[in-house]
Amino acid sequence: MRIIVTGGAGYVGSIVTAKLVEQGARVVVYDNLQFGHREAVHPDALFVEGDLANTEKLETLFALHGFDAVMHFAANTLPGESMEKPFLYLRDNVTNALNLLQSAARYGARKIVLSSTANLFDRPEKIPISEDEKIAPGSPYGESKHLIERMLHWMDRTMGMRYACLRYFNAAGAMPGGDRGEDHKPEYHLIPIVMQVALGQRSHVEVFGADYPTPDGTCVRDYIHVLDLAQAHILALEALDSRSRVYNLGNGRGFSVLQVIETAREVTGHPIPALIGPRRPGDPAVLIASSDRIRRELGWKPRYPGLRDIIETAWSWHRTHPHGYETSQPGRDQRSAGRPTQRAANMRFPSWMTIAETAAKQGRDDRTGVGFGNQG
Ligand SMILES: NC(=O)c1ccc[n+]([C@@H]2O[C@H](COP(=O)([O-])OP(=O)(O)OC[C@H]3O[C@@H](n4cnc5c(N)ncnc54)[C@H](O)[C@@H]3O)[C@@H](O)[C@H]2O)c1
């Protein structure tokens, strides 16, 4: 199967790419590296640096590869930021998805898996949150994902494109073995922040409120191991032969902020000082997604449901990569790696590409300049 993975140099996308490649898929990663890392892309995937706003480049790519399926991760991803910059989300996330869908439709890619979000449910009536919960996005970020879900609905109705939307909260953990993990700059997610305290890169972690109606007073959230997430994406893609699907995805258990910090203390052996601060506006006390439907229909079962497993793999990644992907290639400026002068020297193609395709790529790149920078 030929698959384009947008955002495949990012945290979740790079790990899904690695699992797809391991299963024999031919993967092309399309990422503008605004948040991603070239080093995170599996060497047997073809990496193409580009932005989803660049429709010409997208079309060229779809025309050349004849993708069967799309996995769409590339997005602006921060609910908090989206409250300050709504158009970055309501315009860019949505238009970029539209560009992608248009190319997919035009060139016959009939299956798409969307990384959606549980931020579709701002004030759920029932916990754990099921697919029947009323959609009420909690931010322009959540709204942008909702709008993309609606586009997919109409792609199915009007042209038979099959889609799966996976809605989840907090992806966490790393690939056991430690070669791919979370590296967001700046970092806003609790577990990596706690890991940075354990590494001595931050003095403490701030806890936003300890007076919630939860057992220890801190917010309870749903953490899902990134490998379980990858498995869900792959199962969802396989299930698209029959019909489109929407799944909420969580590990079935919630963990409080203090539980996360306490488990990290045990795993790292570091005291991890925590300071209790005021509540953040808009933070609900408990958010946990139900995964009953995906378990029942696709047989999905998390392999790493325990907080300790999640934090152990995260710690293994952060300990060996204290500065993220920069650690693995010190001094490398990945954003300059695709400059035309360096391109020829950097070019390398995965073994699955035919000689003709490789030649076509090199020719196209020289001719139009729109193609395939930073393949190295
Ligand atoms: N990480 C989480 O906890 C979480 C939770 C729920 C949903 N999600 C969704 O999962 C997806 C992946 O999240 P992540 O944490 O891996 O994010 P990430 O920022 O690590 O990865 C996103 C990738 O997309 C790329 N990208 C962004 N805009 C682009 C554009 N216009 N053109 C090309 N590439 C672009 C970035 O460079 C980055 O590599 C996102 O869609 C996010 O909304 C993530």
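**View 1. Asn-251 counts as buried, with 26 C-beta neighbours inside 10 Å.** The model shown here and in the views below is predicted. Burial is set at 20 or more such neighbours, so Asn-251 qualifies. Asn-251 belongs to the loop between β10 and β11 (254-256). Ile-224 lies 27 residues away from Asn-251 in sequence, yet the C-alpha to C-alpha separation is 5.4 Å. Leaving out residues up to four places away in sequence, Asn-251 touches Asp-222, Tyr-223, Ile-224, Asp-228, Pro-302 and Pro-305.

**View 2. Strands β7, β9 and β11 make an open sheet of three strands.** The order is β7-β9-β11, and the pairing is mixed. β7 and β11 are the edge strands; each has a single partner, so one side of each lacks a neighbour in the sheet. Direction ignored, neighbouring strands are turned by 55° against each other on average. β9 (residues 220-225) and β11 run antiparallel and are joined by three bridges. Within this pair, Arg-221 stands opposite Phe-255 of β11. Helix α10 (residues 307-320) packs on the sheet and touches β7, β9 and β11. The direction of α10 makes about 60° with that of β9.

**View 3. Seven strands form an open sheet with parallel pairing.** Read across, the order is β3-β2-β1-β4-β5-β6-β10. The edges are β3 (46-49) and β10 (245-249); each has a single partner strand, so one side of each is left without a neighbour in the sheet. From one strand to the next, the twist averages 15°. Helix α5 (residues 140-159) packs on this sheet, in touch with β5 and β6 (162-168). The direction of α5 makes about 155° with that of β5.

**View 4. Strand β4 (residues 69-72) is buried on both faces.** Ala-69 and Met-71 point one way, Val-70 and His-72 the other. β4 runs parallel to β1 (residues 2-6), with four bridges between them. Four bridges also join β4 to β5, again in parallel. Met-71 has a partner in each direction: Val-5 pairs with Met-71 by a bridge, and Met-71 stands opposite Val-113 in β5. Further along, β1 pairs with β2 (residues 26-31) in the parallel sense over five bridges. There, Val-5 stands opposite Val-29 of β2.

**View 5. The largest nonpolar core has 101 residues.** Val-29, Leu-166 and Val-194 have the most contacts inside this core. Setting aside neighbours within four places in sequence, Val-194 is in contact with Val-205, Val-260, Ile-261, Ala-264 and Ile-272. In soluble globular proteins, nonpolar side chains tend to be buried together.

**View 6. Helix α2 (residues 55-65) has buried residues of several kinds.** The buried residues are Lys-57, Leu-58, Thr-60, Leu-61, Phe-62 and His-65. Just after α2, Gly-66 takes a positive phi of about 55°.

**View 7. The ligand is surrounded by 28 residues.** The closest are Gly-7, Gly-10, Gly-36, Ala-74 and Ser-115. By class, the shell has 13 nonpolar, 13 polar and two charged residues. At least two residues of the shell come from each of α1 (11-22), β5 (111-117) and β7 (170-172). Which element gives the most to the shell? That is α1, with three residues.

Key: Residues numbered from 1 in each chain as written. Predicted model: local features only at pLDDT ≥ 70, side-chain atom pairs only at ≥ 80, totals over all residues. Near = placed C-beta within 6 Å. Nonpolar A, V, L, I, M, F, W, Y, C, P; charged D, E, K, R; others polar. Buried ≥ 20, exposed ≤ 12 C-beta atoms within 10 Å, placed from the backbone. Pairing = 2+ DSSP bridges. Axes fitted to C-alpha atoms, helices over the stretch in contact; angles between N-to-C directions. Contact = placed C-beta atoms within 7 Å. Core = buried A, V, L, I, M, F, W, Y, C linked by C-beta atoms within 7 Å.
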